[in-house]
Amino acid sequence: MTLQRTRTSSPAPEPRTSRLLAGRLLPLLLLLAGSLFANGLPHAKPEDVGMSSERLARIDAAMEQHVANGTMPGALAMIARRGKVVYFETWGERDREQKLSMTPDTIFRIYSMTKPVTSVAVMMLYEEGKFFLNDPVGKYLPELADMQVAHEVIDSDTGDKAVALRKAENRVTIRDLLRHTAGLTYGVFGNTSVDQQYRQAGLLIEDHDLADFTARLGKIPLQYEPATRWHYSVATDVLGRLVEAVSGQSYDQFLEQRIFAPLQMNDTGFWVPANDLPRFAQMYSPKGTVQGAEAWLRPSDSTELEVAQEQASRNFVAKPVFFSGGGGLVSTASDYMRFSLMLLNGGELDGVRILSPKSVELMSSDHLGDIPMGMGRSGYGFGLGFAVALDQGEIGELGSEGEYNWGGAAGTRFWIDPEEELIGLYMVQILPHRTTLGSQFRNFVYQAIVE
């Protein structure tokens with residue numbers, strides 16, 4: 001991508017322009033020369049890092065079949081072990097109407113895979129002494145200082161239910177936001193009185209900036225008492241605003257200057273510049289989602305997919321007003337692999353240190369304790385931005401305890417396994433996503449480990 005992605009009031013420094021130009025031309029030249037590198041990532045034969053080429057071939061067979069039978073229009077997968085990419089394959093099409101094949105440099109909406117990026121940004125500021133993780137967020141965002149909690153009451157005479165408010169016993173901390181125990185919700189996955197207020201306030205309609213977002217949020221009660229329940233929510237969007245308030249930069253500027261440029265994530269940002277649109281994967285809704293539909297539909301073609309329409313309304317083709325820390329980024333497989341390798345390496349990649357090893361260790365530790373994680377993920381806890389595997393016997397699938405992961409609404413997902421020095425990355429654009437493609441890919445990866 002070019003500098004069109006992050007247009008700021010002050011011009012970017014000249015070295016950034018040179019770095020982007022080099023970051024764009026060098027991979028192309030290396031590819032043409034038959035190099036074993038992609039976006040600066042070293043490759044290796046699977047056998048060189050204890051994996052089986054023969055077993056990895058099972059992935060291709062399965063994914064080609066999924067394309068043939070219509071389970072997916074197209075997808076991409078990438079695997080790294082011991083710091084080297086051992087698998088990078090594409091299947092199907094990124095745009096069926098234009099008959100454009102999926103390519104290694106395809107750009108994807110990663111939605112909630114934005115959350116780990118935001119969490120890293122928060123931890124960078126934490127390392128700089130800007131705050132403590134157990135500080136109340138209201139100390140830095142006063143509009144969230146005195147939150148109330150909504151709770152149901154029943155009239156003893158009539159039996160009628162009503163919603164009452166009480167002052168929260170616990171203050172929402174920065175750590176609560178990172179681990180989704182802040183008592184917030186999303187507004188689109190439920191229909192509680194709080195969810196309804198989120199929708200009425202237009203929290204997910206991106207016509208306002210992060211400051212306005214938190215101002216509106218502060219006027220709505222919490223759905224749960226803070227620090228008592230894990231509930232997936234807009235908490236990470238609040239963290240984006242925290243980054244702005246503490247750093248003095250807009251959230252997009254902070255990510256560009258502190259994470260994307262240093263890690264050479266040249267195709268990651270909040271929108272896709274016009275010259276890169278041919279690489280942007282089209283979003284599709286699966287066959288059968290809409291009654292009577294027999295072909296893949298773009299979510300905008302359907303009047304029945306409320307959540308899909310909400311997500312698809314983020315067209316990602318122009319600079320947004322709302323820089324969503326919870327779901328606003330687009331990226332490529334190579335870029336997100338660089339981000340993941342930085343974490344696996346203890347916060348450093350190619351001589352650039354983003355975090356200390358101790359911070360990554362803290363992020364990838366369970367922070368829920370006795371609080372169960374929701375979403376039906378038995379055997380998992382939650383760290384500071386990721387789900388964390390705690391008990392493989394309870395999970396009941398291939399993997400390692402201590403592995404951490406997350407995914408996006410359109411089916412993108414990644415995981416980092418420190419024990420196996422392994423990273424898996426799967427990219428697809430299906431919304432709403434109801435397939436097991438990512439889970440099948442994950443099992444194929446683990447069964448290919450032979451030492």
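Tutor: Gladly! This is a predicted model, and pLDDT stays under 50 over residues 290-297, for which the model has 21 contacts beyond four places in sequence. Residues 299-313 also stay under 50, with 27 such contacts.

Student: How should I treat stretches like these?

Tutor: Where pLDDT is low, the predicted coordinates should not be read in detail. For the protein chain, the mean pLDDT is 87, and 83% of its residues reach 70 or more.

Student: Now a helix, please. What span should H3 have, and how far apart are its end C-alpha atoms?

Tutor: H3 covers residues 114-127, and at 1.5 Å a residue its 14 residues should span 20 Å. Its end C-alpha atoms are 20 Å apart, in agreement with that.

Student: How many residues of H3 are buried?

Tutor: An α-helix has 3.6 residues a turn, so residues three or four places apart point the same way. In H3, twelve of the 14 residues are buried, so the helix is largely enclosed by the rest of the structure. Among the buried ones are Lys115, Pro116, Val120 and Met124. Just after H3, Gly129 has a positive phi of about 80 degrees.

Student: What volume does the largest cavity have, and which classes of residue make up its lining?

Tutor: Its volume is about 60 Å³, and the lining has ten nonpolar residues, with no polar and no charged ones. Val137, Leu144 and Met147 are among them. The second largest cavity holds about 40 Å³, and its lining divides into four nonpolar, three polar and two charged residues, including Glu93, Arg94 and Tyr284.

How values were computed: Residues numbered from 1 in each chain as written. Predicted model: local features only at pLDDT ≥ 70, side-chain atom pairs only at ≥ 80, totals over all residues. Heavy atoms only, no water. Helix = DSSP H or I, 4+ residues; strand = E, 2+ residues; numbered from the N terminus. Expected span 1.5 Å × (residues − 1). Buried < 20%, exposed > 50% of the residue type's maximum accessible area, 1.4 Å probe, protein only. pLDDT = per-residue confidence, 0-100. Contact = heavy atoms within 4.5 Å. 1 Å grid on protein atoms, 1.4 Å probe; cavity = no way out; pocket = protein on both sides within 12 Å on 5 of 7 lines; lining within 4 Å. Points joined across faces, edges and corners; volume = space filled by probe spheres on them. Nonpolar A, V, L, I, M, F, W, Y, C, P; charged D, E, K, R; others polar.
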